[in-house]
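Student: Can we go through this one together? I'd like to start with the metals.

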Amino acid sequence: MSILSDVKEIEAKVRESMENGPVTPYYTLPLDKVYDVLNAALASEIICVLRYKQHYYMTTSIHQDQLQDMFKEHWMDEEGHLERIADRIKQLGGVPNLDPNGISKRAFSTFSSGHTLADLLREDLLAERVVIKMYGDIVDYFGKADPVSRRMMEEILKDEEDHADEIADLLYTVDPKTGKTAEQFTGDGVLQAFKPNGK
Ligand SMILES: [Fe+2]
Ligand SMILES: [Fe+2]
């Protein structure tokens, strides 16, 4: 099919199922699978918002301002991702699944905390790294078949890489003499995260 010569045929075909809006009969991916994939990403974003909010309120110590600023900035980014993904699901004719039941089962990311600031940052970094891998796979899945969803996931993936980079910078230092990486927050009692009821 040449790009210019088959417009009449194309027009006749896309006249079918006009109610599907941007989803034409030429869309080749199975939509049920697409909704599942995007709803898994949506659930992951919800978990990320909640985890960063949890960590925001658990943060104490002299590093409080810096860390809380970062947690807040990240959860606002994750909320933006959540909205973009939900909009895209709707645009493709699906229903964004915001049902609290089963969110953690649908999500790639985990909701964990720990007792020290280092624990919080490690959990965030781990979750971001899992999401980076999974979103990379989703980018490949959309490939040429759905460039709009692919581009959205690429842009979100870039933000997740920035998040991971920022956390890694906070968590680790590199000794200029040895070139070895070390954790900044180890073994310091001042850096305990808030623990309810003194537990
Ligand atoms: Fe995100
Ligand atoms: Fe993130």
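Tutor: The iron ion (ligand 1) and the iron ion (ligand 2) sit 4.0 Å apart, and E78 coordinates both. This is a predicted model: local features need pLDDT of at least 70, side-chain atom pairs count only at pLDDT 80 or more, and totals for chains, interfaces and linings use all residues. Residues are numbered from 1 along each chain as its sequence is written, ligands are numbered from 1 in the order in which they are written, and side-chain values use heavy atoms, leaving out hydrogens and water.

Student: Which protein donors does the iron ion (ligand 1) have?

Tutor: E45 (OE), E45 (OE), E78 (OE), H81 (ND1) and E160 (OE), at 1.9 to 2.5 Å. Donors are N, O and S atoms within 2.8 Å of the metal (3.2 Å for Na, K and Ca); water is not among the atoms, so sites may look incomplete.

Student: Where do E45 and E160 lie?

Tutor: E45 is in helix 2 (residues 31-58) and E160 in helix 6 (residues 147-171), so the pair ties together parts 115 residues apart in sequence. Helices here are DSSP runs (H or I, at least four residues), numbered from the N terminus.

Student: Are E45 and E160 buried or exposed?

Tutor: Both are buried, meaning under 20% relative accessible area (1.4 Å probe, protein chains only).

Student: New topic. How many residues of helix 2 are buried?

Tutor: 20 of its 28, so helix 2 is mostly covered.

Student: And what does M153 touch?

Tutor: Leaving out residues up to four places away in sequence, M153 touches L38, A41, Y135, I138, V139 and F142. Contact means heavy atoms within 4.5 Å.

Note on methods: Helices (H or I, at least four residues) and strands (E, at least two) are DSSP runs, numbered from the N terminus. Buried means under 20% relative accessible area, exposed over 50%, partly exposed in between (1.4 Å probe, protein chains only).
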